[in-house]
Amino acid sequence: MISVILDILSWICLMGGSFLGISGAVGLFRFPDFFTRIHASGVTDTMCTVLIIGGLMLQAESWQMLAKLLMILLLLTYTSPTSAHSLAKSAIRGGLRPTLGSGD
Amino acid sequence: MSTILGLYNYWIVVLLMMTGFYIVIAHGNLIKKVIGLNIFQTSVIIMYISMGKVRDGAPPILTEGVTLFSNPLPHVLMLTAIVVGVATTALALSLVVRINEAYGSIEEEDIHTQEKSS
Amino acid sequence: MYIAATAAILIVMTLAVIRAVIGPTLYDRILAGNMFGTKTVLLIAIMSAVAGRADMVDIALVYALINFIGTIAVLRYFEYSTEEQEKAES
Amino acid sequence: MVNLIDIVLMGLLLITAFAVVRMRDLFAIVMLFSIYSLVSASFFVNLDAVDVALTEAAVGAGISTVLMLGTLAMTRRYEERRPRHAPLLPLFIVAVTGAALIYGTLDMPHFADPQAPIHQHVAPRYIEQSGTEIGIPNIVASILASYRGFDTLGETAVVFTAGLGVLTLLGRFGRREELSDGRSMYHDMILRVIGKALVPLMLLFALYVQFHGELGPGGGFQAGVVAAAAFILYSIVFGWDRAQKIISPFVLNIMMASGVTLYALVGVGGMLLGGEFLNYNVLGSYPAGGQHLGIFLVELGVGITVAAVMLSIYFDFAARVAVRKMEAR
């Protein structure tokens with residue numbers, strides 16, 4: 001019983017993560033300028049990581065696996081927003097400006 | 001079909017190798033040449049690792065209940081090759097830096113003309 | 001289940017590589033490279049879950065640590081060389 | 001699933017390699033090259049080469065990217081000239097060589113074929129016997145440090161020599177207290193906090209990789225590179241001059257040499273105790289115990305040398321960049 005619930009939960013997590021990942025990548029691929037792209041990838045990236053690693057953690061067979069996956073999760077939730085932040089910051093400093101709409 | 005799937009890796013390796021080779025002989029920029037050499041090197045490493053794979057094999061770390069392992073020997077050779085590769089790349093890059101200081105350029109052609117005129 | 005997630009990650013990786021190739025600015029490429037790094041971590045984690053081996057997760061862990069250095073280093077040195085170019089132009 | 005991942009990753013490798021040929025912005029090329037090495041490392045994991053993947057992860061995406069960026073900061077950003085003339089001759093040479101190689105692959109055993117000649121001779125002996133002879137689970141580590149220990153001694157010496165070469169070419173500068181590389185990333189508070197948290201974690205992880213290398217993927221080479229990467233991160237975020245106060249170039253020089261010496265001394269120790277050079281059996285009271293001690297010491301030596309050489313190479317590059325900044329100012 002428990003294992004069925006765990007399976008379903010990890011299915012939901014993995015599929016949700018995959019969906020977020022693909023939508024982020026489509027955003028990265030299709031959006032018109034750098035700042036919209038970093039928005040798309042920055043927002044989805046962290047959540048995608050959390051969901052996929054979470055889904056794998058539900059399936060983990062040993063506590064070692066669980067602990068290591070937890071470490072990856074923590075590291076990525078710290079580093080990937082940080083690098084997105086410094087990337088956007090140095091893009092601004094490097095003279096890149098967001099393209100603005102016509103303002104209506 | 002089985003030939004294509006069976007040799008696919010090696011064909012890609014040949015293409016990668018030739019890409020690296022082309023960069024080395026056709027481009028004059030020294031940094032680009034170093035990167036071409038690196039691509040060439042990585043393709044060789046990929047070839048060795050492809051050869052070491054055994055179907056349904058496990059990573060060569062002894063665990064209970066596993067009997068079929070991939071071949072560990074290419075792994076050993078390539079592991080050291082990667083570290084030695086980065087050390088030699090560093091040496092090549094520092095030569096490039098010194099060349100740039102001496103000639104003010106990292107383009108092969110500029111260096112040749114300066115050599116001739118002096 | 002794992003195959004679907006793997007396929008999704010491979011699609012994401014392909015799109016990120018295409019973005020890294022077409023550019024147009026360097027920042028786009030760094031962004032794509034950063035995203036590619038995160039997805040590599042996830043791919044390796046999934047592969048080790050399929051193999052059921054805890055020791056393969058170590059590799060993903062190294063990636064999670066090293067990928068950050070790559071991004072920061074590019075930004076740092078890029079700032080350097082733009083400074084220098086501005087100085088040379090003025 | 002192995003095949004699916006394999007085909008897609010190989011395709012990605014090809015795309016990146018072709019893009020490198022076409023592009024002229026060297027920064028973009030270095031960026032693509034780091035993606036290239038990420039792809040190849042996931043490829044290695046897919047084909048069971050976990051130790052190789054660990055090395056490539058630390059080396060390709062970390063150290064070699066940083067070194068290439070350092071070189072770019074000292075030279076220039078764009079490839080300035082187009083190839084000399086229409087590249088017909090190089091294309092011809094490449095096509096002919098490639099065709100010959102592809103013709104050669106037709107006779108090769110197919111991918112992942114268990115009957116291939118490479119799997120018939122030396123490797124089965126290692127796989128079957130290393131568990132009892134050496135007594136550690138990681139076969140790659142036992143081959144690296146024990147069966148082919150002499151080879152690895154040579155490789156370590158090569159790494160050491162390359163470190164010396166970079167030191168002679170780029171050199172470190174005398175009055176290094178006066179040098180600083182100007183604006184570091186120290187002003188960025190988020191980066192500073194995260195960097196401060198990550199550096200000890202990475203060092204801890206390097207120790208784990210070093211001492212867990214007998215049981216899982218890891219060992220001296222990988223641990224050395226990860227440890228060097230930790231200091232490089234510190235140096236990027238907090239400035240090169242602060243990093244040099246923590247680990248001075250003098251200490252690095254000593255470490256570089258002492259790792260190789262430790263390795264060679266283990267070999268000599270085996271000779272003194274009545275075995276051959278690098279025969280660890282005689283080091284302990286029983287053969288497997290001796291092997292254990294020998295591999296531990298040898299991997300430690302490799303780790304020390306690799307860490308010191310990588311860090312020393314980085315410091316040499318960073319010092320040059322700092323000097324150029326001083327001159328420009």
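## The chains and how they meet

Of the five pairs of chains in contact, chains B and D share the most contacts. Two residues are in contact if their C-beta atoms, placed from the backbone, lie within 7 Å. This is a predicted model, in which local features need pLDDT of at least 70 and side-chain atom pairs count only at pLDDT 80 or more, while totals for chains, interfaces and linings use all residues. Residues are numbered from 1 along each chain as its sequence is written, and chains are lettered from A and ligands numbered from 1 in the order in which they are written.

The contact between B and D takes 82 residues from chain D and 70 residues from chain B. On the side of chain D that touches chain B, the elements giving two or more residues are α1 (2–22), α2, α3, α4, α5, α6 (139–147), α7 (149–170) and α12 of chain D. Helix α3(D) gives the largest share of that side, 13 residues. Helices (H or I, at least four residues) and strands (E, at least two) are DSSP runs, numbered from the N terminus. By type, the residues on this side of chain D divide into 54 nonpolar, 17 polar and 11 charged. Here Ala, Val, Leu, Ile, Met, Phe, Trp, Tyr, Cys and Pro count as nonpolar, Asp, Glu, Lys and Arg as charged, and the others, Gly among them, as polar. Chains A and B are another matter: no contact joins them, and their closest C-alpha atoms lie 15 Å apart.

## Chain A

Chain A has three helices and zero strands. Along the sequence, the pattern of chain A is α-α-α. The radius of gyration of chain A is 17 Å, well over the 13 Å that the globule rule gives for 104 residues, so chain A is more spread out than a compact globule. That radius is taken over C-alpha atoms, and the globule rule is 2.2 Å times the number of residues to the power 0.38. The C-alpha atoms of chain A fill a box of roughly 55 × 25 × 20 Å along the principal axes.

Of the 104 residues in chain A, 40% are buried. A residue is buried if 20 or more other C-beta atoms lie within 10 Å of its own, exposed if 12 or fewer, and partly exposed in between; the C-beta atoms are placed from the backbone. Take the contacts in chain A between residues at least 6 apart in sequence: 62% of them join residues at least 24 apart. The average pLDDT of chain A is 86, and 96% of its residues score at least 70. pLDDT is the predictor's confidence in each residue, from 0 to 100. Among the elements of chain A, helix α1 (residues 2–30) has the highest mean pLDDT (89) and helix α3 (residues 63–93) the lowest (87).

Chain C has three helices and zero strands. They run α-α-α from the N terminus on. Buried residues make up 70% of the 90 residues in chain C. Of the contacts in chain C with a separation of 6 or more, 41% are between residues 24 or more positions apart.

The largest nonpolar core has 214 residues. Such a core is a set of buried Ala, Val, Leu, Ile, Met, Phe, Trp, Tyr and Cys residues joined through C-beta atoms within 7 Å. Residues with the most contacts inside this core include I72(A), A45(C) and V226(D). Helix α12 (residues 287–328) of chain D brings the largest share of the core, 18 residues. Setting aside residues up to four places away in sequence, A45(C) touches I53(A), L56(A), L69(A), I72(A), V57(C) and A60(C).

## A helix in chain B

Helix α2 (residues 30–52) of chain B has 23 residues, which should span 33 Å at 1.5 Å a residue; its end C-alpha atoms are 34 Å apart, which agrees. The expected span is 1.5 Å times one less than the number of residues. In α2(B), 18 of the 23 residues are buried, so this helix is largely enclosed by the rest of the structure.

K33(B) lies in this helix. K33(B) counts as buried, because it has 20 C-beta neighbours inside 10 Å. Beyond its neighbours within four places in sequence, K33(B) is in contact with I23(B), V24(B) and H27(B).

D48(D) is not a glycine, yet has a positive phi of about 75°. D48(D) sits in the loop between α2 (26–46) and α3 (50–74) of chain D. With 26 other C-beta atoms within 10 Å, D48(D) is buried.

A112(D) is not a glycine either, and has a positive phi of about 65°. The loop that holds A112(D) runs between α4 (88–105) and α5 (122–133) of chain D. A112(D) has 22 C-beta neighbours inside 10 Å, so it counts as buried.
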